[in-house]
Amino acid sequence: MITLGEKIRISPMTRINGFWNIEVLVEGGQVKDAWSSGIFFRGLEVILRGRDPRDAAYLTERICGICSTAHAIASSHAIENALKIEIPKNAILLRNLSLGADMLQNHIRHFYLMTIFDFLKGPDRPPFIPRSEADFRLSQPETDRIMESYRQHFELARLTHEMVTVFGGKAPHQHGIVVGGVTTPPTVDKIQKFMGMLELVLAFVGDKFIPDLEVLARRYEDYYKIGQGYGNLLAYGNFRIPSSPGLFVMPYGVYTGGRFEKFDSAKILEHVHKSWYIQDQPRNPVNGKTVPDPDKDEAYSWVKAPRYDGKAFESGPLAHLWMRGDYRRGISTMDRLMARALEAKFVAELMKQWLKELEIDRPIYQPYEMPDEEFEGVGYTGAMRGALGHWVRFKGQKILHYQIVTPSAWYCSPRDDNGARGPIEEALVGTPISDTENPIEVGRVARAFDPCLACAVHLVKIDGERIRNTPGE
Ligand code: NFE
Ligand code: MG
């Protein structure tokens with residue numbers, strides 16, 4: 001962490017996935033301004049050019065180990081959308097089950113690995129120290145209870161990954177999803193094995209995860225008011241309903257200015273003025289470009305700035321449950337955490353139902369021809385963190401164009417071409433900071449979004465040193 005006068009830079013921000021800087025300007029005990037910088041270039045969209053579109057699922061899964069099934073689904077949807085392939089009912093159910101298992105893995109890990117140590121005091125030994133000593137409000141019995149769940153969660157998170165392997169072969173980066181369907185037929189032994197693990201996970205979510213979070217929510221009720229941000233929510237359809245083609249358990253939706261709107265993909269534009277890409281007009285991903293320009297002076301992030309109808313949107317469990325009408329308490333740090341736990345329970349219960357709907361000896365794959373003409377498609381899904389889109393154009397067996405807009409790009413984005421902050425930047429504004437030496441509140445607000453940029457491990461404090469590309473300068 002580097003303190004520059006009243007500017008605080010947390011670099012790298014730990015307990016998230018990936019490499020991330022957060023910088024905040026603190027005045028009068030509050031965050032006045034904030035900058036979110038992705039500091040790691042991946043370039044997957046560039047790597048995909050010239051590859052076989054049928055490999056895109058496996059290549060894009062490597063974007064990330066924690067949301068890989070979501071990429072396999074979005075990629076397969078994009079190519080199936082281009083070629084108008086309808087996959088069989090069993091394939092829809094098996095994809096739902098694999099994504100559901102990976103989502104449970106993510107949500108349990110996010111709470112026990114990434115979140116709780118912003119709120120409770122762990123044991124006085126590494127890796128729990130050094131830590132910020134500020135504002136721990138839980139009683140000793142409450143802390144002991146959550147630490148006990150913390151110790152159990154490792155086994156539960158492992159079990160959820162094992163569930164992914166039942167129909168996916170391996171985890172992360174499972175290989176059970178292919179264009180046209182899935183690879184592994186449902187058999188009685190596989191269904192039973194999956195169900196046994198699911199029951200254990202469901203019990204943990206109901207008996208531990210949700211009650212543990214309720215303890216935090218009671219002690220930190222002020223976090224229902226902190227980190228509210230723009231209040232714009234975006235969700236893409238997720239978990240197809242096999243009996244109702246075109247319908248999703250989690251519906252598409254846009255919520256802005258306190259109103260719902262119909263989703264229109266033409267309103268998505270990615271801005272790059274503050275991102276290290278060659279300067280360009282805002283573009284829909286259909287015609288998006290990914291040409292890095294690491295020396296661009298005005299930029300401060302490798303994350304582009306996706307906007308919908310010109311506005312910054314967050315996505316994720318809160319958006320999913322909001323569109324369904326299942327959770328509309330508010331939009332804040334604590335609401336984001338609460339929706340994630342409730343989504344885990346909701347999805348785990350649905351998974352029991354999907355397992356029962358599987359039909360043994362029925363098709364899992366729809367054969368298709370790979371034509372020589374040029375095709376274009378888009379695949380949407382609701383990943384663990386929300387709205388995930390893959391846009392593809394291919395000719396014959398080669399990808400001509402591929403663009404991916406992840407949920408983390410939506411909410412970790414920097415300022416757009418109009419100078420408007422990204423969603424996390426905006427949510428941080430107004431956050432009270434009790435101790436600028438230990439701005440634990442910044443971590444609470446930022447981590448509640450479940451940012452994914454891979455794992456960073458340590459903090460360095462160098463007072464007063466200037467570093468190039470400091471965004472707020
Ligand atoms: Ni790496 Fe991901 C999810 C996707 S990135 S975690 O969920 O897609 O936001
Ligand atoms: Mg992209």
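## The nickel and iron atoms of ligand 1

The nickel atom of ligand 1 is coordinated at 2.2 Å by the SG atoms of Cys 64 and Cys 452, where donors are N, O and S atoms within 2.8 Å of the metal (3.2 Å for Na, K and Ca), and where sites may look incomplete since water is not among the atoms. Cys 64 lies in the loop between α2 (56-61) and α3 (68-83), whereas Cys 452 belongs to strand β18 (residues 452-453), so the pair ties together parts that are 388 residues apart in sequence.

The iron atom of ligand 1 has a single donor from the protein, the SG atom of Cys 67, at 2.4 Å, and Cys 67 lies in the loop between α2 and α3. The iron atom of ligand 1 is 3.2 Å from the nickel atom of ligand 1.

## Basis of the model

This is a predicted model, in which local features need pLDDT of at least 70 and side-chain atom pairs count only at pLDDT 80 or more, while totals for chains, interfaces and linings use all residues. Residues are numbered from 1 along each chain as its sequence is written, chains are lettered from A and ligands numbered from 1 in the order in which they are written, and side-chain values use heavy atoms, with hydrogens and water left out.

## The magnesium site

The magnesium ion (ligand 2) is coordinated by Glu 45 (OE) and Ile 404 (O), at 2.1 to 2.2 Å. This pair links distant parts of the chain, with Glu 45 in helix α1 (residues 44-47) and Ile 404 in strand β17 (residues 398-405), 359 residues apart. Glu 45 counts as buried because its relative accessibility is 13%, and Ile 404 counts as buried because its relative accessibility is 9%.

## The sheet that contains β17

Strand β17 belongs to an open sheet of three strands in the order β15-β16-β17, with antiparallel pairing; two strands pair if DSSP finds at least two bridges between them. The edge strands are β15 (374-383) and β17, each of which pairs on one side only, and the twist averages 15 degrees from one strand to the next. Over 10 bridges, β15 pairs in the antiparallel sense with strand β16 (residues 386-395), and Ala 383 stands opposite Gly 386 in β16.

Helix α3 packs on this sheet, touching β15, β16 and β17, and its direction makes about 145 degrees with that of β15. Contact means heavy atoms within 4.5 Å, and the axes are lines fitted to C-alpha atoms, for helices over the stretch in contact, with angles running from 0 to 180 degrees between N-to-C directions.

## Helix α4

Helix α4 (residues 89-115) has 27 residues, which at 1.5 Å a residue should span 39 Å, and this agrees with the 37 Å between its end C-alpha atoms; the expected span is 1.5 Å times one less than the number of residues. There is a kink of about 30 degrees in α4, centred on Arg 109, the bend at a residue being the angle between axes fitted to the seven residues ending there and the seven starting there. Helix α4 is mostly covered, with 24 of its 27 residues buried.

Technical notes
Helix = DSSP H or I, 4+ residues; strand = E, 2+ residues; numbered from the N terminus. Buried < 20%, exposed > 50% of the residue type's maximum accessible area, 1.4 Å probe, protein only.
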